[in-house]
Amino acid sequence: MPDVTSATELLLCGGTGDLGGRIAARLAEHGIAFRALVRPTSDNTRLESLGAELSVGNLIDRASLDRAMGGIRTVVTTANSMTSALAGDRSGSLAAVDVGGNENLIRAAEAAGVQRFVFVSSAGMTDLMVGLSPFLAAKRQTEQTLRGSRLRAVLVQPGPFQETWTSPETGIWPDKRRAVVFGRGRSPSSDVAMDDVAEACVRLATMADPPEAIQLGGPEELTRHQVIDVFERAYGGRFRRFSVPRAVLRAGAQTLRRRRPELASVLGIALVRDLEGARVPPAALRQLGIEPRPMSEHITQMAQAARGAASQAAGPGSPAGGPPISL
Ligand SMILES: NC(=O)c1ccc[n+]([C@@H]2O[C@H](COP(=O)([O-])OP(=O)(O)OC[C@H]3O[C@@H](n4cnc5c(N)ncnc54)[C@H](OP(=O)(O)O)[C@@H]3O)[C@@H](O)[C@H]2O)c1
């Protein structure tokens, strides 16, 4: 790993999240000391076991961010309100956290003389996408604030995450052999593995001369129908496919925009992915020395893990594990 001192000079915001947690684990693996901004309600068990220094705060509380910045030279942030908001948490709105909170973080970093600010944003922020997704509109606004700041900005723009878009939250239930198709399901998408994005974030935070913006995509281009085909082969059996028409996605994104902007964002993102696809090249990951993992490998591993769990539950000698899966 490149030049990083042993003192805690890196602040990670969002370290209790899914991607954020993977970044935290990699920082620890590489022996990079870091401080983590955590909310009073966060579950910090994993961060504590990794040896992170904790600083209690909140993106919507500027004073807490000023406190967290002491001695910090690099900020890495994945923090966002989507997961909490989708789970019904009303303590921080998308506008307060993803617009105002990110601006607070940028201003606190500037005031503390931070040198580098790695912001996990998103690829594919076309005008149509930003118009239909308040969440991605907030990302674009934060990118603009960062570009106009005194900080050295590193805008990380990943494609859709493999783990997110193969989960029940986005309509795939392998155990029930069911899957939702958003719109027609025929546009290609090069979804990226979260572990590859996490490793890229660590390299971008620590390398000598990082790019100002970088797009991170996976190596395979698959449509939603092709993703479900891979599930069928990996799990052995047909999946029932439920289609949500484009008109329904559009109406939902527009109607819920004010009242439930996080839900409107999910519908808007699903619609625009179906209309425009989400092709993000894997070249930049390779330039960072990371060989991007294919989506089909991720699905195969899911199926293998499910068979392993089923065979364990059934006890020794059970045939539930089945033969190894090949695609
Ligand atoms: N999913 C995709 O397909 C995709 C594609 C491209 C980019 N991205 C981006 O990748 C990132 C995903 O990160 P993730 O998986 O780690 O997200 P996550 O699992 O939803 O975690 C969100 C994190 O933000 C923290 N947080 C929420 N509100 C906060 C506040 N007011 N102040 C401080 N911290 C707060 C949470 O803390 P608590 O533990 O206290 O709740 C948690 O650590 C996001 O920036 C997302 O936009 C996602």
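Colleague: So a cavity, on a 1 Å grid over the protein atoms alone, is a set of points where a 1.4 Å probe fits but cannot get out, and its lining residues have an atom within 4 Å of a point. Which residues line the second largest cavity?

Modeller: That one is lined by Val-99, Asn-102, Glu-103, Ile-106, Gln-141, Thr-142 and Thr-145. Two elements give two or more residues each to that lining, α5 (94-111) and α7 (134-147). Elements here are DSSP runs numbered from the N terminus: helices are H or I with at least four residues, strands are E with at least two.

Colleague: Which of the elements gives the most to it?

Modeller: α5 does, with 4 residues.

Colleague: Before we go on, what sort of model is this?

Modeller: It's a predicted model: local features need pLDDT of at least 70 and side-chain atom pairs count only at pLDDT 80 or more, while totals for chains, interfaces and linings use all residues. Residues are numbered from 1 along each chain as its sequence is written, and side-chain values use heavy atoms, with hydrogens and water left out.

Colleague: OK. How many cavities are there?

Modeller: The count is 2 cavities of 30 Å³ or more. Volume here is the space filled by probe spheres set on the grid points, which are joined across faces, edges and corners.

Colleague: Which residues are closest to the centre of the largest cavity?

Modeller: Of the 18 residues lining the largest cavity, Ser-187, Ser-189, Thr-223, Arg-224 and Arg-273 are the closest to its centre. α9 (224-235) and α11 (261-276) are the elements giving two or more residues to that lining, and α11 has the largest share, 3 residues.

Colleague: How do the residues of that lining divide up?

Modeller: Into 8 nonpolar, 5 polar and 5 charged. Nonpolar covers Ala, Val, Leu, Ile, Met, Phe, Trp, Tyr, Cys and Pro; charged is Asp, Glu, Lys and Arg; the others, Gly among them, are polar.

Colleague: New topic: in the largest nonpolar core, which residues touch the most other members?

Modeller: Among its 33 residues, those are Leu-12, Leu-19, Ile-23, Leu-27, Phe-34, Val-156 and Leu-216. A core is a set of buried Ala, Val, Leu, Ile, Met, Phe, Trp, Tyr and Cys residues joined through side-chain atoms within 4.5 Å. Buried means under 20% relative accessible area, with exposed over 50% and partly exposed in between (1.4 Å probe, protein chains only).

Colleague: And what is Ile-23 in contact with?

Modeller: Setting aside neighbours within four places in sequence, Ile-23 contacts Leu-12, Val-76, Thr-78, Ala-198, Cys-201 and Val-202. Contact means heavy atoms within 4.5 Å.

Colleague: Is Cys-13 buried or exposed?

Modeller: Cys-13 counts as buried, because its relative accessibility is 0%. Cys-201 is buried too, at 1%.

Colleague: Last one: where does Val-130 lie?

Modeller: In helix α6 (residues 127-132). Val-130 is buried, at 11% relative accessibility. Not counting residues up to four places away in sequence, it touches Met-125, Leu-136, Ala-137 and Arg-140. The C-alpha atoms of Val-130 and Arg-140 are 7.8 Å apart.

Conventions:
1 Å grid on protein atoms, 1.4 Å probe; cavity = no way out; pocket = protein on both sides within 12 Å on 5 of 7 lines; lining within 4 Å.
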